[in-house]
Amino acid sequence: MDKRYLDYLDQLEAEAIHIMREVAGQFEKPALLFSGGKDSITLVRLAEKAFRPGKFPFPLVHIDTGHNFPEAIRYRDELAERLGEKLIVRNVEDTIKRKNLSEPTGRYASRNALQTHTLLETIEEFGFDACIGGARRDEEKARAKERIFSVRDEFGQWDPKRQRPELWNIYNGRINKGENVRVFPISNWTELDVWNYIKREGIALPHIYYTHERECLVRDGKLMAWSDFIYQEPDDVVVKKQVRFRTVGDMTCTAAVESVAYDIDAVIAEILESKISERGATRIDDKLSETAMEDRKKGGYF
Amino acid sequence: MDILRFITAGNVDDGKSTLIGRLLYDTKQIFADQLEAIESSGRLNEDGQIDLSLLTDGLKAEREQGITIDVAYKYFSTEKRKFIIADAPGHIQYTRNMVTGASNSNLSIILVDARKGVQEQTRRHSIISTLLGIPHLVICINKMDLVGYDEQVYNQIVEDYKQFAKKLKSKDITFIPVSALKGDNIVESSELTMPWYQGPSLLEHLEQVPVSQDFNLEDSRFPVQYVIRPLTAEHHDYRGYAGKVISGTYKAGDKVTVQPSGQTTTVKSVELGGKVLEEAFAPMSVVLQLADEVDISRGDVIVKAADGLEVAQEFEAEVCWMHNKALKPGAKLLLRHNSTETRCVVRNIDYKIDINTLDHLEDVDQVQLNDICRVQIKTASPLLLDKYENNRSNGGFILIDETSYATVGAGMVAEIEY
């Protein structure tokens with residue numbers, strides 16, 4: 001084999017680093033959206049590769065719904081501390097109070113939609129012109145259509161019919177005042193690529209990604225972590241299960257999967273065997289309609 | 001494991017989405033919940049089976065109209081390779097989206113309906129694929145089930161295509177008879193239905209097409225994207241040039257020239273993430289430290305002294321126009337080439353290319369959406385260019401509208417004047 005052979009993970013990494021540096025080179029006030037989930041943890045590692053031994057040319061920004069897993073929040077704070085990078089947290093709770101917004105109620109209540117309000121407010125507060133996010137095209141059919149540099153208007157809206165063509169490795173980050181660009185460096189990665197990369201890089205994750213015993217509610221055949229935030233009905237039963245999380249979002253709309261995978265090799269083996277997609281297995285929010293994700297993105301969702 | 005990026009093209013009803021659906025389905029990359037979502041939509045194909053094309057048309061408007069509007073990216077892998085599919089629309093009014101998908105692809109699958117043979121769209125997509133320098137073409141003659149798997153029909157289409165392909169510069173063209181709907185010759189070879197066909201199935205072919213030599217490792221080009229200056233006690237004098245090796249190779253000790261200033265120096269080290277590497281080669285993203293303090297900023301290009309690179313402000317290019325507002329001579333635009341952006345003027349439109357015949361249409365006073373033309377461009381500041389046919393990574397550029405900032409054109413350098 002030619003010694004100048006680049007493994008697929010190296011190729012994906014090189015592409016993502018190039019995209020991050022384009023953000024640093026083209027924008028004045030970029031930010032990296034960081035939730036403490038595996039995809040944004042991967043972005044942070046890529047940023048280290050792109051900019052060390054220098055500092056990141058952007059802060060880490062977390063839009064905290066207040067309904068997050070405490071393990072992910074702890075991880076978030078420790079990581080920012082260890083890297084010596086700036087972390088900005090804005091709380092959905094504050095937006096709700098300040099703007100007198102109503103909280104969604106009922107069986108499928110989540111702060112997913114409210115998160116968009118806080119995100120747009122935060123973008124305005126700091127004047128962010130680019131927000132790097134960990135979305136992947138393999139996650140969902142509407143995301144499969146999105147560009148790597150996704151231009152949003154002053155309301156944060158995505159218009160799939162007016163996307164800029166994106167050619168070669170040239171990214172057009174030119175925008176008018178008030179607009180911003182969402183940038184997705186790991187667009188071309190799959191769930192499995194992310195796990196293989198985390199393994200190769202030896203990255204520690206919040207332990208909820210690995211099997212643990214947890215009290216869960218069974219809702220529409222899905223296991224929801226029991227918490228104070230979740231809507232409860234009188235006949236709900238709390239059961240103890242060995243579970244792990246494939247995605248880590250809000251506790252109210254992210255379901256656990258039953259699992260015995262205690263380490264990364266076991267997780268990778270489990271994903272290879274799985275008959276269910278990542279979001280299909282875990283997300284309540286995508287199921288509300290056939291175009292739930294597309295509609296949310298048109299509304300400014302990340 | 002390496003990556004093959006490919007595009008699928010073909011007429012609207014030639015079964016492109018079904019082919020992709022079939023590739024994903026037969027390689028078991030479709031999850032049960034995604035199938036269930038299609039099943040629950042209640043849309044079945046004429047055989048009463050689930051409609052695999054629904055896997056790729058992700059937008060509401062696409063589902064409403066039953067056509068693909070924009071490029072969708074799909075992923076699958078086998079033990080041998082990871083694949084990235086750019087599923088491009090077939091409609092002529094979305095040619096710009098096909099160009100988008102083609103710009104990053106190393107292989108193009110062009111579908112031909114066996115009942116209809118070589119069509120205008122077949123020619124158009126073949127021409128666009130070769131204009132964009134895609135090294136490998138695969139002509140999939142689809143719907144063989146509807147012509148009774150007839151060898152004569154297949155041979156006739158191959159013959160017709162070869163006749164047309166004489167005009168193309170493409171060196172690697174492969175023909176495969178398939179039925180995307182039935183799954184013949186997509187993943188498994190179909191010895192039962194087409195015993196006369198001895199070649200590989202589509203997937204076998206995709207797995208074995210060589211991709212490593214598609215990277216140019218000869219002409220060393222390193223456009224600087226960002227300068228790393230930590231200014232910490234530990235790295236007080238550190239200055240690293242962050243960028244991507246878009247072609248060629250770099251290692252410590254290499255003599256290099258910084259363009260456009262022309263200063264020469266030596267590579268002190270090649271690094272990534274603070275770790276020293278022995279060598280960097282395309283398409284790696286790395287950091288270069290240089291032996292001497294030279295003035296370098298974003299947009300400069302570090303090249304090996306031995307390699308020639310044209311520093312030019314005037315050149316000719318092929319441009320695919322991607323906007324509703326027509327392009328006219330004298331148009332002032334922004335031009336972005338790797339990490340450089342400059343103003344430019346389109347001084348002249350030499351001719352328009354008929355993308356059905358490759359003929360040149362002269363005396364054109366404007367260029368419309370989806371037209372491909374040859375223009376003369378003059379830029380405000382010098383660019384460091386290669387001809388597109390010699391170096392795909394350094395010969396392409398985009399044109400941006402000065403006020404709306406829309407990407408309005410894709411350009412490929414054809415002739416450099418100096």
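**The boundary between the two domains of chain A**

Across the interface of domain 1 of chain A and domain 2 of chain A, the rule finds four residue pairs in polar contact, with both residues at pLDDT 80 or more; a polar contact is a pair of N or O atoms within 3.5 Å, where within protein one must be able to donate a hydrogen and the other to accept it, and residues adjacent in sequence count only if both atoms are side-chain atoms. On the domain 1 side, α2, α3 (70–83), α6 (191–201) and α9 of chain A each supply at least two residues that touch domain 2, the helices being DSSP runs (H or I, at least four residues; strands are E, at least two) numbered from the N terminus. The largest share of that side, four residues, comes from α3(A). The residues of that side divide into ten nonpolar, nine polar and eleven charged, where Ala, Val, Leu, Ile, Met, Phe, Trp, Tyr, Cys and Pro count as nonpolar, Asp, Glu, Lys and Arg as charged, and the others, Gly among them, as polar.

This is a predicted model, in which local features need pLDDT of at least 70 and side-chain atom pairs count only at pLDDT 80 or more, while totals for chains, interfaces and linings use all residues. Residues are numbered from 1 along each chain as its sequence is written, chains are lettered from A and ligands numbered from 1 in the order in which they are written, and side-chain values use heavy atoms, with hydrogens and water left out.

The domain assignment of chain A gives domain 1 as 8–194 + 291–299 and domain 2 as 205–287, such bounds coming from an automatic or database assignment. Taken over C-alpha atoms, the centres of these two domains of chain A are separated by 23 Å. At their boundary, 30 residues of domain 1 are in contact with 30 residues of domain 2, contact meaning heavy atoms within 4.5 Å. The area buried between them is about 2,600 Å², of which carbon and sulfur atoms give 55%; buried area is the accessible area (1.4 Å probe) that two parts lose on being put together, summed over both. The count of salt bridges between the domains is two, each a side-chain nitrogen of Lys or Arg within 4 Å of a carboxyl oxygen of Asp or Glu. A:Glu191 forms a salt bridge with A:Arg246, with 2.8 Å between the closest N and O atoms.

A:Ile208 is found in the loop between α6 and β7 (212–219) of chain A. A:Ile208 counts as buried because its relative accessibility is 0%, the class being under 20%, with exposed over 50% and partly exposed in between (1.4 Å probe, protein chains only). Leaving aside residues up to four places away in sequence, A:Ile208 touches A:Phe69, A:Glu71, A:Arg214, A:Arg244, A:Phe245 and A:Val248.
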